[in-house]
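Biologist: I have a model open on my screen and would like to learn how to read it. Could you walk me through it, feature by feature?

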Amino acid sequence: MREHELEEIEELCSAATPGPWFVRTLDDSHAMNLVAVSTVPDSGHAERWPDFDHREIVAATLVQYPRYVDSGDERWDENAAFIAMAREAIPRLVEEIRRLRNASADKGSG
């Protein structure tokens with residue numbers, strides 16, 4: 001991976017809503033079984049709208065009714081967990097790539 005690609009990834013991360021992100025399971029009469037990625041942790045109460053703030057939601061992997069958001073393989077929870085994890089993991093991976101490159105360059109010049 002070239003440096004300009006790492007910079008592009010870094011720019012995307014910097015432009016996104018700040019983390020950490022969390023998986024939340026919500027419910028309401030309009031979006032039954034809503035699996036979402038949120039800026040606040042899940043309470044475990046499957047809040048129904050308006051008892052959750054829509055501005056906390058950054059992504060959804062399932063909106064069951066009406067069927068607005070779905071995945072054919074039914075991996076809603078897994079997809080939400082991946083998206084939430086990626087918010088913090090990708091910047092750390094970019095940093096680690098650079099650290100390893102610098103360590104390798106230091107060994108090569110010494």
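Modeller: Happy to! Helices (H or I, at least four residues) and strands (E, at least two) are DSSP runs, numbered from the N terminus. With those labels, E74 lies in the loop between β3 and α2 (76-109). Before going further: this is a predicted model, where local features need pLDDT of at least 70, side-chain atom pairs count only at pLDDT 80 or more, and totals for chains, interfaces and linings use all residues. Residues are numbered from 1 along each chain as its sequence is written, and side-chain values use heavy atoms, with hydrogens and water left out.

Biologist: Thanks! Which elements does the protein chain have, and in what order do they run?

Modeller: The protein chain holds two helices and three strands. Read from the N terminus, the order is α-β-β-β-α.

Biologist: How do I read the overall dimensions of the protein chain?

Modeller: Start with the radius of gyration, taken over C-alpha atoms; the globule rule is 2.2 Å times the number of residues to the power 0.38. For 110 residues, a compact globule would come out near 13 Å, but the protein chain has 18 Å. Its C-alpha trace spans about 65 × 25 × 20 Å along the principal axes.

Biologist: And how are the strands paired?

Modeller: Two strands pair if DSSP finds at least two bridges between them. Here, β1 (residues 22-26) and β2 are antiparallel partners over five bridges, with V23 standing opposite V37 in β2. On to the next pair: β2 and β3 (residues 57-65) are also antiparallel, over six bridges. There, L34 has V63 in β3 as its bridge partner.

Biologist: Is strand β2 mostly covered or mostly open?

Modeller: First the cut-offs: buried means under 20% relative accessible area, exposed over 50%, and partly exposed in between (1.4 Å probe, protein chains only). In β2 (residues 32-38), five of the seven residues are buried, so the strand is mostly covered. Across the protein chain, buried residues make up 24% of the 110 residues.

Biologist: What should I look for in the backbone of the loops?

Modeller: Look for a cis peptide bond or a positive phi. A cis peptide bond joins G19 and P20, with omega about 5 degrees; P20 is found in the loop between α1 (3-15) and β1. Phi is positive at A46, about 45 degrees, although A46 is not a glycine. A46 sits in the loop between β2 and β3.

Biologist: Why does A46 count as partly exposed?

Modeller: Because its relative accessibility is 32%. Now back to E74, another residue other than glycine with a positive phi, near 60 degrees. E74 counts as exposed because its relative accessibility is 54%.

Biologist: Where is S43, and how far is its C-alpha atom from that of T25?

Modeller: S43 has its place in the loop between β2 and β3. It counts as partly exposed because its relative accessibility is 35%. S43 and T25 are 18 residues apart along the chain, and their C-alpha atoms are separated by 8.7 Å.
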